[in-house]
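Here is a friendly walk through one protein model, written for someone who likes to know the cut-offs behind each term. Let us start with a definition and then see where it applies.

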Amino acid sequence: MDIYNTAVTVLSVGTILAQVFIVLVLIFIFVPPLHKQKQVKKFLKFLKERSFLLAFGVALSSIVGSLFFSDVASLLPCELCWKQRILMFPQSLLFGLAVWKKEKVIADYSTLLSAIGILYSIYHYTLQMLPRDITTCDTSSFLSSCSEKLIFEFGYITIPMMTATAFALLLLFMLIHKKLK
């Protein structure tokens with residue numbers, strides 16, 4: 001297996017694991033009998049104490065994955081990919097600084113950037129999943145088409161799905177940081 005296929009598999013499996021994690025944590029937070037259990041409280045406290053460090057890891061992983069696809073695998077990003085990158089890339093720097101300086105003010109900024117990013121990702125994913133004759137996506141000479149599935153793993157994972165999952169993780173960590181006691 002070459003590096004490209006290995007990376008796609010690792011990122012796709014990571015996306016699935018992240019999605020399962022998001023669902024489980026949301027269940028822990030919003031199902032009253034569960035979030036009162038001692039082990040669940042401990043786990044949520046662990047996440048809250050490390051929410052910025054975890055968010056930094058997610059944002060940095062997203063950047064590395066994105067740069068791998070464009071610079072190593074030579075997959076051209078489309079216009080919507082660029083917009084999602086614009087919303088993700090600064091977050092790794094902001095979270096890195098927040099972890100280093102132990103500042104907590106980034107949560108509101110990340111929430112806004114991630115909310116916009118997830119909307120772009122979902123829209124982009126929708127363009128890819130609709131039949132080609134229904135969607136149109138203008139492309140210039142150096143960008144790929146927004147509706148083209150450059151990756152399609154496990155019957156639903158594309159690059160925008162990976163990105164939507166990353167933004168959802170960032171939103172989850174900011175929810176935990178701001179709302180949990």
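## Charges over rings

A charge sits over a ring if NZ of Lys or CZ of Arg is within 6 Å of the ring centre and within 35 degrees of the ring normal. Lysine 104 meets this rule over the face of phenylalanine 52, at 5.0 Å from the ring centre. Arginine 85 lies likewise over the face of tryptophan 82, 4.8 Å from the ring centre.

## Ground rules

Please keep in mind that this is a predicted model: local features need pLDDT of at least 70 and side-chain atom pairs count only at pLDDT 80 or more, while totals for chains, interfaces and linings use all residues. Residues are numbered from 1 along each chain as its sequence is written, and side-chain values use heavy atoms, with hydrogens and water left out.

## Overall build

The protein has seven helices and zero strands, and from the N terminus its elements run α-α-α-α-α-α-α. Helices (H or I, at least four residues) and strands (E, at least two) are DSSP runs, numbered from the N terminus. The radius of gyration is 17 Å, close to the 16 Å that the globule rule gives for 181 residues, so the protein is as compact as a globular protein of that length. That radius is taken over C-alpha atoms, and the globule rule is 2.2 Å times the number of residues to the power 0.38. Along the principal axes, the C-alpha trace spans about 55 × 35 × 35 Å.

Of the 181 residues, 40% count as buried. Here buried means under 20% relative accessible area, exposed over 50%, and partly exposed in between (1.4 Å probe, protein chains only). The accessible surface comes to about 10,400 Å², and carbon and sulfur atoms own 69% of it; the areas come from the Shrake-Rupley method with a 1.4 Å probe, and for residues only the protein chains shown count as cover. Contact means heavy atoms within 4.5 Å. Among contacts with a separation of 6 or more, 74% are between residues 24 or more positions apart.

## Aromatic pairs

Rings of Phe, Tyr and Trp (its six-membered ring) pair if their centres lie within 6.5 Å; planes under 30 degrees apart count as stacked, over 60 as edge-to-face and the rest as tilted. By this rule the count comes to five aromatic pairs. One of them joins phenylalanine 21 and phenylalanine 43 edge-to-face, 6.3 Å centre to centre with 80 degrees between the planes. This pair links distant parts of the chain, with phenylalanine 21 in helix H1 (residues 3-30) and phenylalanine 43 in helix H3 (residues 38-49), 22 residues apart. Phenylalanine 21 counts as partly exposed at 24% relative accessibility, and phenylalanine 43 counts as partly exposed at 28%.

Phenylalanine 52 and phenylalanine 95 also pair edge-to-face, at 5.6 Å centre to centre and 70 degrees between the planes. Phenylalanine 52 lies in helix H4 (residues 51-72) and phenylalanine 95 in helix H5 (residues 79-101), so the pair ties together parts that are 43 residues apart in sequence. Both phenylalanine 52 and phenylalanine 95 are buried. As for groups of rings, Phe21, Phe28, Phe43 and Phe173 form one aromatic cluster.

## Cysteines

How many disulfides does a search of the whole structure find? The search finds zero, where a disulfide is a pair of cysteine sulfur atoms within 2.5 Å. The sulfur of cysteine 78 has its closest cysteine sulfur in cysteine 81, at 3.5 Å, which is too far for a bond. Cysteine 78 counts as buried at 1% relative accessibility, and cysteine 81 is buried with a relative accessible area of 16%.

Threonine 165 is found in helix H7 (residues 159-179) and counts as buried at 6% relative accessibility. Leaving aside neighbours within four places in sequence, threonine 165 is in contact with Thr15, Ala18, Gln19 and Ile22.

Most residues other than glycine have a negative phi. Serine 74, however, has a positive phi near 60 degrees; serine 74 is found in the loop between H4 and H5 and counts as exposed at 54% relative accessibility. Lysine 102 also has a positive phi, near 55 degrees. Lysine 102 lies in the loop between H5 and helix H6 (106-129), and at 67% relative accessibility lysine 102 counts as exposed.
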